[in-house]
Amino acid sequence: MDEHGRDNRARVNFIKRLLVSSVVIIIPVLIILCIFLVINNIALRKEITDLKIKSEGSGYDGGYDETSGVYSVSDISVKGSGTTDNDGIDTYGDGIKRIYLTFDDGPGANTDDILDILKENDVKATFFVVGRNDEHSLEMYKRIVDEGHTLGLHSYSHKYNEIYASIDAFADDIRSLQELLYETTGVWPRFYRFPGGSSTTTSVTPISDLIDYLNEQDIVYFDWNIVSGDAVDNPPDKDTIVKNCLRGIDKYDECVILMHDLTEKRSTVEALRILIPKLLEMEDVEILPITDDTIPVQHVPAQSIIND
Ligand SMILES: [Zn+2]
């Protein structure tokens, strides 16, 4: 082998070593970069979810939360005079701010506690209940009525794919709930809250047809213009719920607040202990149950962009 050959081989070996060492350096760098990107991605996703929950909960910024199927009111128009803005409109012409606490999805493990708090504060509310046959639930329907609260309908099954399948299915569902409640309490309920609200887009039957049906049956439906924020899977703490409600209340002179009477919504119960006394301290504020005198707060279905 001559001088030239040795030089060549040395050069080739050098390049080989260079390549190997580059690979040895580059691969760990790529791995670290990947890990960094994955972590970053997870953090960003979490941030997006938090923001969604926040905007849903505030009742101010507008927004939709997929898990809960609930949206804030600023995305939708609300029928009923004076409820859509804060320009000094006095809905009832008497300068009184009317607040309606409404509880969906009960009865359940918290109903007794909610009723206790209402009783302690001498305040009446509205319960949009679902159909349940167990002894405790029947007891709760009775207690709601006996203590002067409004017993409203929220569908028997609460299964969107069933109740919204057709007008007949919708009618059957309401009828069975009305019958259950009438047999249990002697009250024939005539106020309804659509699961998902009247602006839900999950219904394969046009909501306007279902509204026509309700009108025929002399049933009035109520949506809400304030969200407490407790609809999400991991409900916020009691202070956040109170804050959400107060911000909404500041905005309207007729306030229909959406809350939930579900086992996992304990912070809602705790929030009530703070919220109600605060409201009672305010001037020109009344907390009322929904009655025939209440101007319905209704979402305008055509405006909805919600998929729940
Ligand atoms: Zn519901």
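How many helices and strands does the secondary structure of the chain come to? Eight helices and twelve strands. Keep in mind that this is a predicted model.

The chain has 308 residues, and 46% of them count as buried. Among contacts in the chain with a separation of 6 or more, 76% are between residues 24 or more positions apart. The exposed surface comes to about 15500 Å², with carbon and sulfur atoms supplying 54% of it.

Now the metal. The zinc ion is coordinated at 2.1 Å by Asp105 through OD, and by His154 and His158, each through NE2. Along the sequence, the spacing of these donor residues reads D-x48-H-x3-H.

Last, helix H8, residues 266-281. Its 16 residues should span 22 Å at 1.5 Å a residue, and the end C-alpha atoms are 24 Å apart, which agrees. H8 does have a kink of about 30°, centred on Leu272.

Leu272 is also one of the buried residues of H8, including Ser267, Thr268, Val269, Ala271, Leu275, Ile276 and Leu279. What covers them? The cover includes strands S4 (97-104), S10 (254-260) and S11 (285-287), along with helices H2 (111-120) and H7 (238-251).

How values were computed
Residues numbered from 1 in each chain as written. Predicted model: local features only at pLDDT ≥ 70, side-chain atom pairs only at ≥ 80, totals over all residues. Heavy atoms only, no water. Donors = N, O, S within 2.8 Å, 3.2 Å for Na, K, Ca; no water. Helix = DSSP H or I, 4+ residues; strand = E, 2+ residues; numbered from the N terminus. Expected span 1.5 Å × (residues − 1). Bend = angle between axes of the 7 residues up to and from the residue. Buried < 20%, exposed > 50% of the residue type's maximum accessible area, 1.4 Å probe, protein only. Contact = heavy atoms within 4.5 Å. Areas by Shrake-Rupley, 256 points an atom, 1.4 Å probe, with all protein chains shown as cover.
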